[in-house]
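Subject: Structure for your files, with notes

Dear colleague,

Please find the structure below, together with its sequence.

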Amino acid sequence: RIFSKPGFVAGEDAMSFLNQLTTIIKYIALIGILAHILGEALPRKWFHWDRFPYRTFSWEREGRVYEAMGIRRWKDRLPDKSKHTKKTFTKQMKGHDSIDGLVRFLQETCVAELVHWCLLLLSFPLYSYVPTGFGAAVTVLYALSNLPFIFIQRYNRPRLQRLLNRKLSPQ
């Protein structure tokens with residue numbers, strides 16, 4: 001029973017919960033919109049998939065660590081912003097299999113990873129606006145919800161890089 005504590009005043013607790021929920025929704029919407037604007041505005045030439053922090057680390061085993069997490073089963077079930085915004089670079093391989101298309105795709109994986117790292121980090125100030133147990137739970141869950149998107153970028157990048165290398169190497 002959510003409102004069964006001693007001294008419970010139904011209207012006050014319900015309003016407090018609604019105020020917290022409203023604050024959380026506003027904060028997450030705001031950082032989501034800002035992250036989208038930032039991601040679209042960043043020059044792609046800044047992003048090098050073969051340099052830190054975007055290069056594949058040895059512990060990732062060329063993406064096999066993500067396969068062990070079952071990423072192939074769930075990665076296409078997560079929301080994809082590029083399916084809902086017309087000006088966003090589509091994350092489907094169709095039409096991006098040229099050298100230029102693969103380079104742009106690799107850069108986009110770097111941008112997406114950066115945006116999700118920013119969202120993850122920006123989730124923690126949310127707790128300062130809603131310093132309750134509920135606020136702490138939402139903060140942690142929202143932060144963790146960005147990890148699968150980061151994993152997807154880090155899983156796709158070595159696969160795209162191998163495809164690009166095959167296209168660049170003389171037959």
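Helix α4 (residues 99-122) packs against helix α7 (residues 147-168) at an angle of about 160°, and their axes lie 9 Å apart; here axes are lines fitted to C-alpha atoms, for helices over the stretch in contact, and angles run from 0 to 180 degrees between N-to-C directions. Helices are DSSP runs of H or I with at least four residues, strands are runs of E with at least two, and both are numbered from the N terminus. α4 and α7 are therefore roughly antiparallel to each other, since angles over 145 degrees count as roughly antiparallel, those under 35 as roughly parallel, 65 to 115 as roughly perpendicular and the rest as oblique. On the α4 side the contact includes I99, L102, F105, H116 and W117, and on the α7 side it includes L147, F149, R157, L164 and K167, where contact means heavy atoms within 4.5 Å. By class, the contact of α4 with α7 has 16 nonpolar, 4 polar and 4 charged residues (Ala, Val, Leu, Ile, Met, Phe, Trp, Tyr, Cys and Pro count as nonpolar, Asp, Glu, Lys and Arg as charged, and the others, Gly among them, as polar).

The model is predicted, so local features need pLDDT of at least 70 and side-chain atom pairs count only at pLDDT 80 or more, while totals for chains, interfaces and linings use all residues. Residues are numbered from 1 along each chain as its sequence is written, and side-chain values use heavy atoms, with hydrogens and water left out.

Within helix α4, L102 counts as buried at 0% relative accessibility (buried means under 20% relative accessible area, exposed over 50% and partly exposed in between, with a 1.4 Å probe and protein chains only).

α6 and α7 pack at an angle of about 10°, with their axes 5 Å apart, which makes α6 roughly parallel to α7. Their contact is made by A143, L144 and S145 of α6 together with L147, P148 and F149 of α7, and by class it has 5 nonpolar, 1 polar and no charged residues. In the loop between these two helices lies N146, which counts as buried at 3% relative accessibility. Leaving aside neighbours within four places in sequence, N146 is in contact with H116, L119 and L120.

As for the aromatic residues, the count comes to 6 aromatic pairs, a pair being rings of Phe, Tyr and Trp (its six-membered ring) whose centres lie within 6.5 Å, with planes under 30 degrees apart counted as stacked, over 60 as edge-to-face and the rest as tilted. The rings of F17 and F134 have centres 5.1 Å apart and planes at 45°, so this pair is tilted. Because F17 lies in helix α1 (residues 10-41) and F134 in helix α6 (residues 133-145), the pair ties together parts that are 117 residues apart in sequence. F17 is partly exposed at 32% relative accessibility, and F134 is partly exposed as well, with a relative accessible area of 29%. F57 and W59 form a stacked pair, 6.5 Å centre to centre with 5° between the planes, and F52, F57 and W59 form one aromatic cluster. W59 counts as exposed, at 53% relative accessibility.

Best regards
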